[in-house]
Each structure stands twice: as structure tokens, then as C-alpha cells.
Amino acid sequence: MAENNSIWEALGFRKASGVGEAGWGRTLVVAIVSLIYFLPVLFIIFTAFKPQDAALAVPPTLSPTSLFGLIPQQFVFTPTLENFGSVFMRSMTPGGAPEATGFDRYFFNSIVIASSSVLLALVIGTLAAFGFSRYPLKGNDTYLFIILTTRMLPAIVVIIPVILMFRVVGLSGSYTGIILLYTAFNLAFTIWMMKSFFDELSLDVEDAARIDGSSDIKVFFKIALPQVIAGLAATFVFGLILTWNEFLFALLLSGPDTRTVPVAMNQAVSSGGRGTDWTLLAAIETLFLIPVFLVTFFLQNHLLRGVTFGTVKR
Amino acid sequence: MRLSPDNWKLAILVGLVVSVLAAIALPPHVSFWIVGAMAALVAAAFVVNAYRRKYYGGLLVAPAIAVLFVMNIFPLLWSLGLSFFAYQSNQQSIRFIGLANYTKVLTNDIMAPANWGALVNTAMFVVLTVTAQMIVGFLLAMLFAKQFPLRKYLLILVLTPMMLSVVASGVFFSYYYDPTFGILSYVINAITGGQFILMDSKAGAVTGIVFADAWMWSPFVMLLVLAGLVSVPKYLYEAAAIDRVSKWRQFWTITFPYIRGLMMLALLFRTIEAFKLADLVILLTKGGNDTMTISYHLIRIANEQNKTSEGAAISYLMLFMVIVLTNLYLYIANRRSQGD
């Protein structure tokens, strides 16, 4: 892929030339496939803008606009922003006065917990991956396999000892506890990903730098690390997506002050006894989607170029 | 013994003595931190020692191993131990019973059929979801492999499903499949004129779950495969074009070697995740229509029925199977890559 050097090229408007480039014909085909693939998400986002009665309409309402009469009136709903307001303020009992739902706090918790644990796992995991790649220990593969097994058991099996341990130590319901647990949760994937990136780098440059008198620390920071920045981005995005949406650990380990959005979402949807509140759930999910969506979008270039660098054994 | 920051033997000795004294004399929530501090002391001694001996491998790996040990391996060993005891999390008593839990979950007239049923279902879900994800992910990756206008804006649309919270996607798929409100039943009813309920049969329920799961996680496979596809040097294709190599042969001799490793990684992680499939089943069928998976079964046994030690026994049998399977994968992957 060539470097983007103008706005137009950044937007993808560029002539198809040579091998590995396709024109607008490909865009059309992929656009149709992508939109079909995206439809279930689009429906959730639209539901967030629906009035309550439109969400329960039969047949289901599908679009906020009739697209100049293209879509029959029975499938069209009038968009509203009400649902987003009721994410943060709504009456908890039928007919009661609106109360704060605490969702601002839950969003804050999700951001703090997910970002710090993914970053922590990235730092620790990258160091370990470099160690596994460059300074193999006795039984290196065994260590790597044991690390992989930590991801193999369902959360429910690990959780009971962890709950007991946290209770004894006084970590239950604290940020520290859940951040540490998520860090461990992310480590296996981080190490396996980053190791495959480091394995791909040419050792010649590093050896040359060593001969010229660079310390091992300098080789890591100045030579190895800059080459895998893209890999770091990819691992960060995957880790963020998994941690951001993690449900079972959060359900059983977070206290009232550290509750994350997926747990609160589940409670908000199933409480009240009126059946599932589709519009509220859709509004929460739409808001909840924005941060990961933006992060992924801005790291996307790295994501592609990134994984490119690593993982492929040659 | 000399007093020096890299004397790890002395550090272990001091650490052990202080820890034991603290554990005996002080309440657990205080003594834990003292034991922790002693562990840090020992660790610091090891670090200094390793640094002076230029033992960088151990040094770099140590923090990760420490976190994993405290948060994963220690709890795993704990539940392994628990599987040899009779223990229920809502009772105080605990009694060593050896392998009785294992024989019970494998042979008991009431428990065994449910366990085996859940296991067979899990195997079915693993095969179906992972196959679907690999195929869909691969095809999507092929679509995005070349550079074309607006590519990054379309790519993010395909990536969005895996960013959704399982709660939301599960609840909304149950809405799409709903016989009254759902879009699926509406469309099929309009065509056939009958009353269509997807989740009414086992085949329908399995299809529904597999479809939702494959939709959510195919983008993960796509991204890894795509990374391999864009890494193929273009001059290889140009050379192949000059030599008039057929597209089919180009794929197998040029493209495939570049994506094989990544497909293996995707296959490995998706298989491990598919073995743990529970949340979608809970949200879509609650295990009805014979769609119970081993992971959901475990949640019921360990959390709702408080049969902690039996749950641990089941999960270790499950871990054994996953380990055998992943080792098989890694064996094949290694043999292939060495075969070149």
C-alpha cells in the first residue's frame, strides 16, 4: 500500500493501477455486502431513535425516513432522542419521578477499567513476548502453552477462587481487583500476538546495533519496538473490544462503585418486569459502541499494516 | 550469607520467616499484604540478580508470569484441588473424596447424560460456528484484499458486529427471531402465509445461535486473514502473471502460505472461545430445545446449584479435551511450517 499523501487519496479516491488495486466496481460489490452485514447493527442504532410504540410495532419499523416514498409508510418511524435521555435519567417505578440512573458513572468505569487493563496487559505482555522471542527460556514452548491454557477454561471456573481470594484480601468491588483480573485475561492473547510480531522482525538490524555497542535495552526501545507499533495497535484494538464487552467477570466481581456498562445494561433491560425494554437497550448499546468504534476507526490503518508485519512465518 | 540486593536465597529465607510469623499472628487481611511485600522483596532480589547476570529472558517474562500466576494459574490450581473435595459454596463443610466427583459426573445416572448431552452439543457448536466463521471471514477478507476507493469506510462497517456487547446482540437476535415482533418471521410468514417460529425446533434453535455467533465473530477471522493477504509481496503476483500461472495455482502457491499461519491463529483462538459458548445460548434459548452447552451447564451447576466441586471436575475434563485439541492444532501447524 502506498502512503496517503492527499485528502483525496486518504478518502480512497484514487486510480486503480497495477496489481492489488481495484476500481469503483469493487467498491460497489463490497458496499452491498458490507451494508447487508451491517444491517443488524443498523437496526439496533435505529431502534435507539424509535419511540416506544414504534419499537413494538408489527410489522417492525425499519427506517426513520421514507426515502422519498421508496419505503412504505408502515415501515417508517418518527425519530426521537428521548431514549438517550432516559439512559441517564428515568423513572424507576411506573409513574415515579425521573431519577439519575448512574449510567454516567458506569460509562466512566468502563472507560477506566478497559483502557487501563488493556494498556497494562500491552506493556507487560509486550515485554514478555520480546523475552519469549529473543531470549528463549528452558521449556519456552511449555510456558507459552501454559499461558494459552489460562484462556481455555470458562470464566465461571476461575471466578470462584478469585471471589474468595478478593474477599480475603479486601479487593472485592475495587478498581484494582478488576483491572488486575482483566490484565491477566488479556495477557495470553497479547503475548501470543506480540510474540508472532517480534518473531517476524529481521535479527540482522538488532545484531548490527549490538555490535555497534547498543545496550539490549536500547535495542528493544529504539529498534524492535518502533517496528511493531502497528502490531501494538492491532493487539490494543482486539484487547479493547474483548474487555470492553466482558460480562461474566464484571457481573460477579464489580461492586456498586465499579459496575461496568455491560452489567448495568443487563440489569436495566431485565429490571422493571415489563419485559425487555428494546429502545433503552438500543440507546445504551449505541452510546456504548461509540468509543470502541472511534478507536478502531482511527487505528484501522495500523491494524491492517500492523498485522501485516507479524504472524506470517517466512 | 552476605547482605546484598541480589542475594535471593537470603530474601527467600527472610520472606518465608516473616510471612509465616505474619500469617500466624495477624488477621488475614493484614497478613496478606505483608506476605505480598515479602513476595515483592524476593522478586526484587531475583530481578537484581537476573539483571547482573544478564538473564534478560527471565526478567522480561517475570511480570507477565506473576500476574498470570496470581489471577489465573493460582485460581485454576485451587479449583483443580477443589475437584477432589466434596464442597458446596453455600456450606462450610469440606471433605476429601478423591476422584469421586469425576466418577460421578462421568457415570452417575442423573448427571452423566446431561453432561454428555451438553458436551455433544458443545462439540457441534464448535464445529459449526468455527467452520462458519472461517468461511465467512475468509470470503470477506478476499473481498477487502485489494485496495479500492472507500475501502476503510466499508471495512469498519464489517468490523462493527464484533464490537457489540453480547448482551445487546443476543437480546436483539432474540428480537429478530421473535415470532410476533421479529423481522424474520414477518418476512417468512409473508412469503409462505404460515406461522414461522425459528426457535421451535432444535435445528432452528441451533441455526439461530450459530448464525448470531458466526455473524459476530467472522470479522475477527477476516481481520487476521486480511492481514496475511495484504502482506503478500506484489512482485510475486506480477511474476506469476508473466508466467501465466492460473489464478487457482497462484492462490495455493503464493497466497496460501502467507495466510496459513494467521488462519491457524484465528482457528486456535476461535475454537477456544467456541468451547466457552454460553451467553448467546442463555439469551436466545436458555438451553431449551436441547441447545445446552457445557459452559452454560457449568454456570448452572456451579453458580445456581452451588455444586462447586462437581463443576470443577467437569471443567477439568473439559480443559483436558481443549488441551488435546489445541496441541493437535499446534502440532499440525508446526509440522506444516517445518515441512516447507
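**View 1. The two domains of chain B in the predicted model.** In this predicted model, the centres of domain 1 and domain 2 of chain B, taken over C-alpha atoms, are separated by 46 Å. The domain assignment of chain B places domain 1 at residues 1-54 and domain 2 at residues 104-339. A pair of residues in chain B gives another distance to follow in this view: B:Glu310 and B:Lys54 are 256 residues apart along the chain, and their C-alpha atoms are separated by 47 Å.

View 2. B:Glu310 has its place in helix H14 of chain B, which covers residues 308-339. B:Glu310 counts as buried, because it has 26 C-beta neighbours inside 10 Å, and the cut-off for a buried residue is 20 or more. When its neighbours within four places in sequence are left aside, B:Glu310 is in contact with B:Asn101, B:Lys104, B:Val105 and B:Ile301.

View 3. Helix H4 of chain B, spanning residues 100-107, is where B:Leu106 is found. B:Leu106 has 15 other C-beta atoms within 10 Å and is therefore partly exposed. Although B:Leu106 and B:Ile314 are 208 residues apart in sequence, they are 8.6 Å apart in space, C-alpha to C-alpha.

**View 4. Two loop residues of chain B with positive phi.** B:Arg244 is not a glycine, yet it has a positive phi of about 55°; this residue lies in the loop between helix H10 (234-242) and helix H11 (247-275) of chain B. With 6 other C-beta atoms within 10 Å, B:Arg244 is exposed. For B:Lys286, also a residue other than glycine, phi is positive and near 55°, and its position is in the loop between helix H12 (279-284) and helix H13 (294-304) of chain B. B:Lys286 counts as exposed because it has 11 C-beta neighbours inside 10 Å.

**View 5. The two domains of chain A and the contact between them.** The domain assignment of chain A gives domain 1 as residues 7-100 and domain 2 as residues 103-309, and the centres of these domains, taken over C-alpha atoms, are 29 Å apart. Across the contact, 12 residues of domain 1 of chain A meet 11 residues of domain 2 of chain A. On the side of domain 1 that touches domain 2, at least two residues each are supplied by helix H2 (24-48), helix H3 (52-55) and helix H4 (82-88) of chain A, and the largest share, 5 residues, comes from H4(A). By class, this side of domain 1 of chain A has 7 nonpolar, 4 polar and 1 charged residues.

**View 6. The side of chain A that touches chain B.** Between the chains, 85 residues of chain A are in contact with 85 residues of chain B. The elements of chain A that give two or more residues to this side include H2, helix H5 (103-134), helix H6 (140-149) and helix H8 (175-200), while the largest share, 14 residues, comes from H14(A). Sorted by class, the side of chain A that touches chain B has 60 nonpolar, 18 polar and 7 charged residues.

**View 7. The crossing of H7(A) with H3(B).** By class, the contact of H7(A) with H3(B) has 8 nonpolar residues and 2 polar residues, and no charged residues.

**View 8. Helix H13 of chain A and its buried residues.** H13(A) is mostly covered, with 7 of its 10 residues buried. The buried residues are A:Val261, A:Pro262, A:Val263, A:Ala264, A:Met265, A:Asn266 and A:Ala268.

**View 9. The largest nonpolar core.** This core has 167 residues, and those with the most contacts inside it are A:Leu181, A:Leu187, A:Ile191, A:Ile284, B:Leu224, B:Val225 and B:Leu226. Helix H9 of chain B (residues 202-230) gives the most to this core, with 19 residues. Not counting residues up to four places away in sequence, A:Ile191 touches A:Gly125, A:Ala128, A:Ala129, A:Phe132 and A:Ile147, together with B:Ala64.

Conventions: Residues numbered from 1 in each chain as written. Chains lettered and ligands numbered in written order. Predicted model: local features only at pLDDT ≥ 70, side-chain atom pairs only at ≥ 80, totals over all residues. Nonpolar A, V, L, I, M, F, W, Y, C, P; charged D, E, K, R; others polar. Domains from an automatic or database assignment. Contact = placed C-beta atoms within 7 Å. Helix = DSSP H or I, 4+ residues; strand = E, 2+ residues; numbered from the N terminus. Buried ≥ 20, exposed ≤ 12 C-beta atoms within 10 Å, placed from the backbone. Core = buried A, V, L, I, M, F, W, Y, C linked by C-beta atoms within 7 Å.
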